[in-house]
Amino acid sequence: MLITQLKAKETIASLVTGKVFIINCQGCKEVSFPEKEAAEFQKELAAEGKVTGIFTTDYICNPENMKLRLSYHQAEIDAADTILVFSCGVGVQTVAEYFEDKKVCAACDTYPVPGFQGVTPLEYKCDQCGECYLNLTGGICPITACSKSLVNGQCGGSKNGKCEVDSSMECGWERIYRRLEQLGRLDVIKCPTQIRNFATDKEVSE
């Protein structure tokens, strides 16, 4: 199982630039979603006139299903500068891959708890580290996309865009660079060094 926990309100508010379209994934039964807290915060954003639309569903990690459902909200999405996703890390990565030309941000951190883990047929993975970096890396997880789980940039050992540890694997940080370049957000890489807090990378006991 896993838990999605809202980031600090101040952190989420800082992610919202211009208008925002909100996606809620209330998840599979193996995910604990902060539904009440998310709804209250979204109501505050709507009162400020920042929200173009709110879409609530489940299993946004199913891209074909998500594509069909989101087609009914296309005008609201087009009017938004940012897509704010309330879900586990897999859901955020799915949305970021689908909307490559939009700034996609994670409003939650994901923590593991003992028990059965939900599965997804996609290649996206969430290490449930409790400290989501997706907002700094264009929606591509450096923990799982990089074989060394580096959070401060690539190691320098890649060759022809491939990982030095696994030559069949594309360098995660080259993917991140290209995504940020596409979004015009390369300035994000200039942010202070992000030191990973491994204390959050532990199972939450019930």
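User: Hi! How do strand 2 and strand 4 pair?
Analyst: Strand 2, made of residues 20-25, pairs with strand 4 in the parallel sense, over six bridges. Keep in mind that this is a predicted model.

User: Nice. And what stands opposite Phe21 there?
Analyst: That is Gly53, a residue of strand 4.

User: Which sheet do these strands belong to, and in what order do its strands come?
Analyst: They sit in an open sheet of four strands, ordered 4-2-5-6, with parallel pairing. At the edges are strand 4 (51-57) and strand 6 (103-106), each of which pairs on one side only.

User: How much does the sheet twist?
Analyst: From one strand to the next, the twist averages 20°.

User: OK, which helix packs on that sheet?
Analyst: Helix 5, residues 89-98, does. It touches strand 2, strand 5 (82-86) and strand 6. The direction of helix 5 makes about 180° with that of strand 6.

User: Let's zoom out. How many helices and strands does the protein have?
Analyst: There are seven helices and seven strands. Along the sequence, they follow the pattern β-α-β-β-α-β-α-α-β-α-β-β-α-α.

User: How much of the protein counts as buried?
Analyst: Of its 206 residues, 44% count as buried.

User: And what about the accessible surface?
Analyst: The surface comes to about 10800 Å², and carbon and sulfur atoms account for 50% of that.

User: Last one: among contacts between residues at least 6 apart in sequence, what share joins residues at least 24 apart?
Analyst: For the protein, that share is 68%.

Definitions and conventions
Residues are numbered from 1 along each chain as its sequence is written. This is a predicted model: local features need pLDDT of at least 70, side-chain atom pairs count only at pLDDT 80 or more; totals for chains, interfaces and linings use all residues. Side-chain values use heavy atoms; hydrogens and water are left out. Helices (H or I, at least four residues) and strands (E, at least two) are DSSP runs, numbered from the N terminus. Buried means under 20% relative accessible area, exposed over 50%, partly exposed in between (1.4 Å probe, protein chains only). Contact means heavy atoms within 4.5 Å. Accessible areas come from the Shrake-Rupley method with a 1.4 Å probe; for residues, only the protein chains shown count as cover. Two strands pair if DSSP finds at least two bridges between them. Axes are lines fitted to C-alpha atoms, for helices over the stretch in contact, and angles run from 0 to 180 degrees between N-to-C directions.
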